[in-house]
Amino acid sequence: YKAWIKNNNIIQEDFENSEIMKYQLKKYINERFDHKVESYFLERKNDLDTVTYSIIRSKNDYLARELFHRISDDAEDFGPLATKYSEGLEKNTNGLIGPVALSSAHPRLVEILESSKEGELKPPFRIGDSTIIVRLESYTRAKLDETMRTKLGEELFDKWISSQAVDLSKTMLKKSINN
């Protein structure tokens, strides 16, 4: 240990203090926020679930239906058709989007993806002025395991620290105005 400290040009006292601080912070977060983690997890579940999907967008309903049939009949692959015909940025990625937070998609698309099975091609549907063809590639549901519990506890701590800072700055501002 002492040789490692010396070889890495680390001051032993600083190293030990930083490790102690990390431990104390983790312990504080667990004691203060662990009881809130489960409800926060459920509140944030759609932000934590991730999806990967293939998509083709077209303003031409007839073209979208034709592309859907070409893909569903296994006559052509999704990727090359997306590159050639899609009207969104996904044309640069063979139609592939993700992995992304489920909540980052349009609400109608979220609804469709949530009800899809992996590999399932959905018939064309409208979002705004575009007709969409989508296939769910993967859906990773967030789990409240120890890693997620730690992450969410740290998020709750960060939110609390931010609110404390805002409250403190408001108090200081009021005091400075009153003086």
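An open sheet of four strands, with antiparallel pairing, has the order S2-S1-S4-S3. Helices (H or I, at least four residues) and strands (E, at least two) are DSSP runs, numbered from the N terminus, and two strands pair if DSSP finds at least two bridges between them. The model is predicted, so local features need pLDDT of at least 70 and side-chain atom pairs count only at pLDDT 80 or more, while totals for chains, interfaces and linings use all residues. Residues are numbered from 1 along each chain as its sequence is written, and side-chain values use heavy atoms, with hydrogens and water left out.

S2 and S3 stand at the edges of the sheet, each with a single partner strand, so one side of each is left without a neighbour there. On average, and with direction ignored, neighbouring strands are turned by 35° against each other. Axes here are lines fitted to C-alpha atoms, for helices over the stretch in contact, and angles run from 0 to 180 degrees between N-to-C directions. Helix H4 (residues 61-72) packs on the sheet and touches S1, S3 and S4, its direction making about 170° with that of S3. Helix H6 also packs on the sheet, touching S1, S3 and S4, and its direction makes about 165° with that of S3.

Seven of the nine residues of S1 are buried, so the strand is largely enclosed by the rest of the structure. Buried means under 20% relative accessible area, exposed over 50%, and partly exposed in between (1.4 Å probe, protein chains only).

The largest nonpolar core has 15 residues, of which Val-51, Tyr-53, Leu-109, Leu-113, Phe-125 and Val-134 touch the most other members. Such a core is a set of buried Ala, Val, Leu, Ile, Met, Phe, Trp, Tyr and Cys residues joined through side-chain atoms within 4.5 Å. At least two residues of this core come from each of strand S1 (50-58), helix H6 (107-114), strand S3 (121-127) and strand S4 (130-140). Residues up to four places away in sequence aside, Tyr-53 touches several residues, including Leu-96, Ile-97, Val-100, Leu-109, Leu-113 and Val-134; contact means heavy atoms within 4.5 Å.

Ala-64 lies in helix H4 and is buried, with a relative accessible area of 0%. Apart from neighbours within four places in sequence, Ala-64 is in contact with Ser-58, Pro-124, Thr-131 and Ile-133. Ser-130, in strand S4, is buried with a relative accessible area of 10%. With neighbours within four places in sequence again left aside, the contacts of Ser-130 are Ser-58, Lys-59 and Phe-125.

Two packed helices are described by the angle between their axes and the distance between the axes. For helix H3 (residues 37-48) and helix H7 (residues 146-178), the axes come within 10 Å and cross at roughly 100°. That makes H3 roughly perpendicular to H7; angles under 35 degrees count as roughly parallel, over 145 as roughly antiparallel, 65 to 115 as roughly perpendicular and the rest as oblique. Among the residues making this contact are Tyr-40, Phe-41 and Leu-48 of H3, and Met-148, Leu-152 and Leu-156 of H7. By class, the contact has seven nonpolar, one polar and six charged residues. Ala, Val, Leu, Ile, Met, Phe, Trp, Tyr, Cys and Pro count as nonpolar, Asp, Glu, Lys and Arg as charged, and the others, Gly among them, as polar.

Finally, the backbone deserves a look. Most residues other than glycine have a negative phi, and most peptide bonds are trans. A cis peptide bond joins Gly-98 and Pro-99, with omega about 5°, and Pro-99 is found in strand S2. Asp-74, in the loop between H4 and helix H5 (78-85), has a positive phi near 60° and counts as exposed at 70% relative accessibility. Asn-94 has its place in the loop between H5 and S2; its phi is positive and near 60°, and at 45% relative accessibility Asn-94 counts as partly exposed.
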